[in-house]
Amino acid sequence: MPEKKNIPINHYDDGVASVLRKPVVYTELRFYQRSDVLYQLTQTFCQKYLPKYGDRTVDQMVQSARSIKQNIAEGSSDGQTSTEIELRLLGVARGSNKELLEDFLDYLKRRGLEEWHGRSPRFKDLHNFCKSNSKYEYYKPFLSKMNDEELANMAICLCHQIDSALTKYIEKKDREFTTEGGIKERMTAARLEQRATQKEIIARQEKEIAALRQENERLKALLREAGVEP
C-alpha cells in the first residue's frame, strides 16, 4: 500500500496556516479556453444552420456547450476548498462535452456530410490549428465564413481535444485527493501545523527569557564584585 504523502499547506503573509488550496486561474487553462471557443462556435452554428423555432436540438446544444465551460469555471473555483465538488463538476463538464460531440456527429450523419478523419487531407490542418490555438480571438475571423461541414468538424475536433485534456486533468485531481485528502484532512493538518508553530514560538521565547535571566544574574554579580549594590 503506497505511503500517504504529507499534505502541503499554504500560508498567509503573516505565516498563519491556511486550509485553502492554491487557487486555480481557470481562464489560463487551455481546455477552458477551448470550451469558450466551442461555446461561441456552437452559437454561430445553431444560428446559421438549425431552425430558430421548433427544434429542441438548438437549446440542447447551446446548453451543453455552456455547461462545459461553466462547470470548468465553477469546479476550478470550488476546488480551493473542496476537491470532491471540483471532481464532480469537472465530470459534469466532461459529460456535457460528450453530449455536444454526439449532436455534431449526428448533424453530419443526418445530412450526409463528411466527418474528417486522420486520413482526410483537411483533418490534419484543422487538428494542428486547434491544437496550436486555444483562444477565441484566433477563431473569430473564420467562424462566420465557414460552412456547416467545416464548423461541425471544427467543433468535433475541439470536443476531442477538450475531452482528452479534461480526462488527464481529472486524473491529476483524483490523485491529489487520494494523496492529500479533502478539506477535513487539510483542516486537521493546518491546525496541527499552527499548533506546532505556536509551540516553537513559545519554546523560543522561553529560551530567550531564560538567557535574559542568566545575563541579568551575570550583570548583577559583576556589580556586586565592583562594590555596587544592584
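Modeller: Helices (H or I, at least four residues) and strands (E, at least two) are DSSP runs, numbered from the N terminus. This is a predicted model, in which local features need pLDDT of at least 70, side-chain atom pairs count only at pLDDT 80 or more, and totals for chains, interfaces and linings use all residues. Residues are numbered from 1 along each chain as its sequence is written, and side-chain values use heavy atoms, with hydrogens and water left out.

Biologist: Which pattern does the protein follow along the sequence?

Modeller: The protein contains 7 helices and 2 strands. Read along the sequence, these give the pattern β-β-α-α-α-α-α-α-α.

Biologist: How far apart are the end C-alpha atoms of helix H3?

Modeller: Helix H3 covers residues 83–110, 28 residues in total. The expected span is 1.5 Å times one less than the number of residues.

Biologist: Which residues touch the most other members of the largest nonpolar core?

Modeller: A nonpolar core is a set of buried Ala, Val, Leu, Ile, Met, Phe, Trp, Tyr and Cys residues joined through side-chain atoms within 4.5 Å; buried means under 20% relative accessible area, exposed over 50% and partly exposed in between (1.4 Å probe, protein chains only). Of the 44 residues in the largest such core, the two touching the most other members are Phe104 and Met154.

Biologist: Which element gives the most to this core?

Modeller: Two or more residues each come from helix H1 (30–49), helix H2 (56–78), H3, H4, helix H5 (136–143) and H6. The most, 12 residues, are given by H6.

Biologist: Is Lys173 buried or exposed?

Modeller: Lys173 lies in helix H6. Leaving aside neighbours within four places in sequence, Lys173 is in contact (heavy atoms within 4.5 Å) with Val24, Thr83, Glu86 and Leu87. Its relative accessible area is 8%, so Lys173 is buried.

Biologist: Which element gives the largest share of the lining of the second largest pocket?

Modeller: A pocket is an open set of points on a 1 Å grid over the protein atoms alone where a 1.4 Å probe fits, with protein on both sides within 12 Å along at least five of seven lines; lining residues have an atom within 4 Å of a point. The lining includes Trp116, Phe142 and Met154. Helix H4 (121–132) and helix H6 (148–180) each give two or more residues, and the largest share, 4 residues, comes from H4.
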